[in-house]
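Biologist: Before I use this model, I would like to go through the terms applied to it. Please show it first.

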Amino acid sequence: MSEERLDLPQGTLDLLILKALSLGPQHGWAISERLHQVSRATLQVPQGSLYPALHRLERRGWISARWDTSDNNRKAKYYELTRSGRRQLEDEAEDWRRLTAAVELVLAMR
Amino acid sequence: MISGLLSDLKYRLRAVFRRNAMEHELDDEVRFHIEREAEKYRAAGMTAEEASRRAHVAFGGVDVVKEESRDGRGLSYLESIVQDLRYAIRALRRNPGFTVGVMLTLALGIGANTAMFGVVDRLLFRSPPLLRDPDRVHRIYFASMDRGTEDARSGTEYTRYLDMRRWTTDFSELAAFSVRGLAVGGGSDIRERQVATVSASLFDLFDAPPAIGRYFTAQEDTVPVGAMVAVLGYGYWQTNYGGRSDVLGQPIDVGSARYTIIGVAPRNFIAFSEEGPPAVFVPITAYAGSFRAGPQLSNYYTRYNWSWMEILARRKPGTTLAQAESDLSRAYRLSWDNEQSLQHSLPAVEIAHPHAIAAPVQTERGPNQSRLAKVAAWVSSVAAIVLLIACANVANLMLARSIRRRREIAVRLALGVSKGRLVRQLLTESLLLAGAGGGLGLLVGHWGGALIRTLVLPDHGASHTLSDHRTLWFALAISLAAGVITGMAPIFQVRRTDLSDSLKAGMREGVYRRSRARTGLLLLQAVLSVVLLVGAGLFVRSLRNVDAIRLGYDVDPILYVYPNTRSLKLSDDASAATRRQLVETARALPGVESAALGLTVPFWDTWTEYLFVAGIDSVERLGSFTIQAVSPEYFSTMGTRILRGRGITAEDRKNTPKVAVLSHSMATTLWPGRDALGQCLRMDSDTMPCITVVGIAEDIKQNSITEDRGLQYYLPIEQFHPEAAVVFARMKEGAAGQAESVRRQLQPLMPGDSYLTVTPMHEIIDPNVRSWQLGATMFLAFGGLALVLAAIGLYSVIAYDVAQRTHELGVRIALGAGVSDVVRVVVGDGLRFILIGVVLGSGLALWAGRWIQPLLYAVSPHDPLIFGVVAAALLLAAGVASLLPALRATRVDPTVALRSE
């Protein structure tokens with residue numbers, strides 16, 4: 001386990017979930033695994049906190065859910081991005097880039 | 001955006017209607033995740049057990065996640081309320097004794113308040129239905145100095161009304177109003193009914209367009225005689241005309257005149273009547289102008305000798321009450337001058353200081369508030385105290401329960417349920433209880449209210465608690481308040497709950513602690529009970545004192561028979577003959593013991609004449625002497641005792657020497673220190689023939705039970721207005737039940753369309769005793785209720801203490817304490833406690849006594865007997881309440897108590 005794990009800034013979990021789902025439908029555990037691996041175990045995403053976020057996104061209509069058979073032949077709940085979810089991902093990703101770019105500029109200040 | 005809303009809605013609907021399915025899905029989903037995570041660890045070589053543990057740790061608190069997921073679903077609000085309700089119902093059902101006890105306690109408290117609200121609202125707050133902008137409508141009172149005291153009255157003359165119309169400027173409308181009991185209709189359904197004689201302007205004060213037809217106009221309401229047109233009351237129209245619209249244009253007989261129906265007032269329109277809905281509305285000038293009661297009333301609109309109506313007025317917008325009153329007072333002074341120019345005996349403006357008051361329309365909020373309304377206001381604050389006691393009791397029970405549930409609560413907190421959620425659940429429970437209590441309370445208020453109304457408002461149209469929306473809102477509001485108040489106590493408990501402490505200590509506390517909040521609540525109950533019971537004692541003694549007052553005549557066996565001549569014009573001789581015939585026939589009726597003629601009846605009418613006595617400058621200054629003219633049997637019929645001399649006899653006829661019987665007080669007032677027998681009274685002027693005093697009778701109560709000076713004199717009816725005589729019949733038994741049969745048997749003697757009304761004497765007297773009756777009954781009922789509640793409260797606290805002290809008591813018994821020692825410890829505790837309550841409560845009652853003093857009769861608010869009895873009652877109740885748990889304590893088996901350690 002890495003010593004330097006980062007807590008997620010408020011509101012970024014939604015963005016990460018949307019991004020993870022943009023590559024194809026996934027169930028909750030796979031999303032958490034993917035976030036863990038891709039961020040090279042840097043991001044601290046408590047597994048439990050994923051679910052309230054998933055339900056919130058589903059309610060907003062950005063993702064949809066269906067039950068399907070998983071790779072190990074068990075029923076699992078799969079989430080996938082909806083059209084409005086895709087748009088939302090683009091908007092949020094854009095916002096994120098502008099925000100980090102701005103923060104970078106400020107930090108690069110001499 | 002729209003699609004977002006749609007998905008939101010779809011999701012929520014699914015969540016509401018398929019709650020269980022979603023709950024299952026969530027379970028499955030979480031389980032899948034954890035199993036998958038565990039698989040990962042197993043693949044890395046961990047044991048199954050270790051893998052599962054790691055998976056759970058990585059996931060975090062399952063319940064919290066579920067809870068937050070539900071929140072994420074966004075309907076937690078609605079859903080969690082449903083959940084809280086289910087939880088509350090389950091918890092309450094587990095504890096039926098507690099639930100029923102709390103519901104009944106609250107029902108009694110809420111019911112008492114609902115019932116009293118119905119009465120007090122009607123007396124003091126509710127304005128007449130359909131009145132527009134009631135805040136600016138006033139009942140006008142006229143005040144002036146009379147013999148050193150100021151009196152204010154709303155009854156006034158039509159002339160005064162015209163003066164006020166002419167000379168005020170701050171009012172947009174002034175209306176004249178008077179309700180008269182008049183014979184209405186003809187043939188078989190002729191009955192005396194309430195008739196409203198009103199000015200045409202009165203209708204403008206209301207938002208009440210006629211149901212059919214029209215109202216009369218100012219052109220139809222003019223002096224000397226207005227148009228003979230009538231507007232029917234809605235209820236009378238429905239019951240007597242079946243609501244038909246062809247009544248318009250039909251004639252109707254009202255009093256001594258015939259009117260033409262031109263319209264029907266809307267439902268609920270009663271104008272300003274406080275005696276129920278009027279059957280008919282007629283122009284006030286049509287009534288007064290056609291009133292054939294002698295020439296002195298024919299100029300009712302120019303003279304000031306007939307005070308029979310009231311003035312109601314609407315302030316102009318933007319005019320303050322003070323401005324309006326000074327405007328009225330200025331007009332009243334001009335009017336006073338005018339009156340004085342006609343009647344020189346009237347004191348000048350400078351002496352009488354006439355001024356006018358614009359009071360609220362409710363007479364009980366005006367300057368002449370009745371004792372009954374004051375007592376009713378007191379009783380309703382007593383009802384509020386009862387509710388407070390009930391709430392204290394319930395809070396106490398809840399507190400005891402939450403202390404018992406401390407462990408459960410601590411466990412749930414430890415499991416991650418938020419304190420806010422827990423508080424909401426507790427509040428749901430108490431609101432649910434209060435709601436149920438409020439529902440039951442409405443029923444209590446319904447029955448109780450009917451009972452109280454018969455005590456307070458027998459003349460008012462009864463309104464039903466359950467159909468009156470003001471009462472329903474009130475009941476809802478106090479139920480909510482009770483729910484919140486009673487829920488507070490356990491909530492504070494939760495907020496203070498220290499997790500580790502509660503879990504550790506559990507149910508086995510070596511040293512028992514009594515909750516300070518519970519003790520405080522109990523003390524409050526005891527104190528309030530003492531205050532209420534002292535109040536009850538004061539009113540009961542007042543009522544007994546009032547009942548013990550000798551009126552100077554009997555009440556229960558007497559019927560009062562009043563002949564109403566209507567439009568019939570009989571000669572004085574024929575009229576006198578009719579009345580003689582009435583009394584003779586009445587005497588022969590079965591069930592009648594004796595019957596006599598009189599001229600007036602106490603409390604309802606008063607007859608006075610100018611008197612002259614040699615050696616006294618002004619008899620009037622000594623007081624008001626009222627006349628009763630009687631036939632010889634009067635004194636034995638009424639039960640009025642002759643103290644000295646003789647009564648009126650059959651020998652006192654029209655042409656024999658004039659004689660009088662004086663009340664004892666009148667005799668001593670006119671001839672102090674001398675014998676009144678044989679003295680000479682003159683009537684009307686000092687040149688009239690002597691009326692010789694031949695007897696002295698006991699004083700009677702003529703106008704007031706408690707304050708009457710007893711200044712009456714009796715003349716032979718044959719010598720004084722035999723044509724106006726009334727009949728008193730003394731029944732052998734059950735006078736009230738025979739009123740109607742007496743009326744039916746005597747009615748055939750009445751010529752033409754004249755008729756009789758027969759009233760049991762007690763109906764005339766009762767309203768004067770009602771305020772004490774109300775006070776005694778309600779204080780006693782509420783005081784008793786408070787005592788029972790306090791006893792229950794004490795019982796539950798002590799029983800709880802005993803349960804908590806099982807260990808300690810077991811040790812004591814093991815160390816050799818006997819039954820009596822244990823009882824002494826427990827009961828002594830309860831008594832000591834109540835003793836503090838009695839002392840504090842007595843102090844409070846002593847202090848509050850001075851405000852209630854004016855409502856009492858012949859009893860000191862500091863009456864030691866009452867305080868003694870109340871203290872004894874409380875201590876007795878405390879003894880009983882603590883004895884039961886004490887006896888249970890003696891049965892504590894020391895081995896069991898100690899082993900449970």
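Biologist: Which face of strand β7 (residues 251-254) of chain B is covered, and which is uncovered?

Modeller: I252(B) and V254(B) form the covered face of β7(B), while P251(B) and D253(B) form the uncovered one. The strand itself is a DSSP run (E, at least two residues), as helices are runs of H or I with at least four residues, both numbered from the N terminus. This is a predicted model, in which local features need pLDDT of at least 70, side-chain atom pairs count only at pLDDT 80 or more, and totals for chains, interfaces and linings use all residues. Residues are numbered from 1 along each chain as its sequence is written, and chains are lettered from A and ligands numbered from 1 in the order in which they are written.

Biologist: What makes β7(B) and strand β8 (residues 257-264) of chain B a pair?

Modeller: Two strands pair if DSSP finds at least two bridges between them. Four bridges join β7(B) to β8(B), and the strands run antiparallel, so by that definition they pair. P251(B) stands opposite T260(B). Two residues separate the strands in this hairpin, where G255(B) has a positive phi near 60 degrees.

Biologist: Why is N268(B) called exposed?

Modeller: The count is of C-beta atoms, placed from the backbone, within 10 Å of the residue's own: 20 or more is buried, 12 or fewer is exposed, and in between is partly exposed. N268(B) has 12 other C-beta atoms within 10 Å, so it is exposed. It is found in the loop between β8 and β9 (280-283) of chain B.

Biologist: What is the phi of N268(B)?

Modeller: N268(B) is not a glycine, yet its phi is positive, at about 75 degrees. Most residues other than glycine have a negative phi, and most peptide bonds are trans. D684(B), in the loop between β18 (680-683) and β19 (691-697) of chain B, also is a residue other than glycine with a positive phi, near 75 degrees. D684(B) has 10 C-beta neighbours inside 10 Å and therefore counts as exposed. As for peptide bonds, the one from V223(B) to P224(B) is cis, with omega near 0 degrees; P224(B) belongs to the loop between β5 (212-213) and β6 (229-232) of chain B.

Biologist: Why is strand β10 (residues 310-315) of chain B described as largely enclosed?

Modeller: Six of its six residues are buried, so the rest of the structure largely encloses β10(B). E310(B), L312(B) and R314(B) point one way and I311(B), A313(B) and R315(B) the other, all of them buried. Strand β1 (residues 137-146) of chain B pairs with β10(B) in the antiparallel sense over three bridges, with H138(B) opposite A313(B). Strand β3 (residues 171-184) of chain B also pairs with β10(B) in the antiparallel sense, over six bridges, and A176(B) has I311(B) as its bridge partner.

Biologist: How many residues are in the largest nonpolar core, and which have the most contacts inside it?

Modeller: That core has 103 residues, and V386(B) and F782(B) have the most contacts inside it. Such a core is a set of buried Ala, Val, Leu, Ile, Met, Phe, Trp, Tyr and Cys residues joined through C-beta atoms within 7 Å. Helix α12 (residues 371-404) of chain B gives the largest share, 21 residues. Beyond its neighbours within four places in sequence, V386(B) is in contact (C-beta atoms, placed from the backbone, within 7 Å) with G109(B), A112(B), F782(B), L785(B) and A786(B).

Biologist: How far does the predictor trust chain B?

Modeller: The mean pLDDT (the predictor's confidence in each residue, from 0 to 100) of chain B is 85, and 91% of its residues reach 70 or more. Over residues 506-512 of chain B, pLDDT stays under 50. Where pLDDT is low, the predicted coordinates should not be read in detail. The model scores ipTM 0.85 and pTM 0.70.

Methods:
Contact = placed C-beta atoms within 7 Å.
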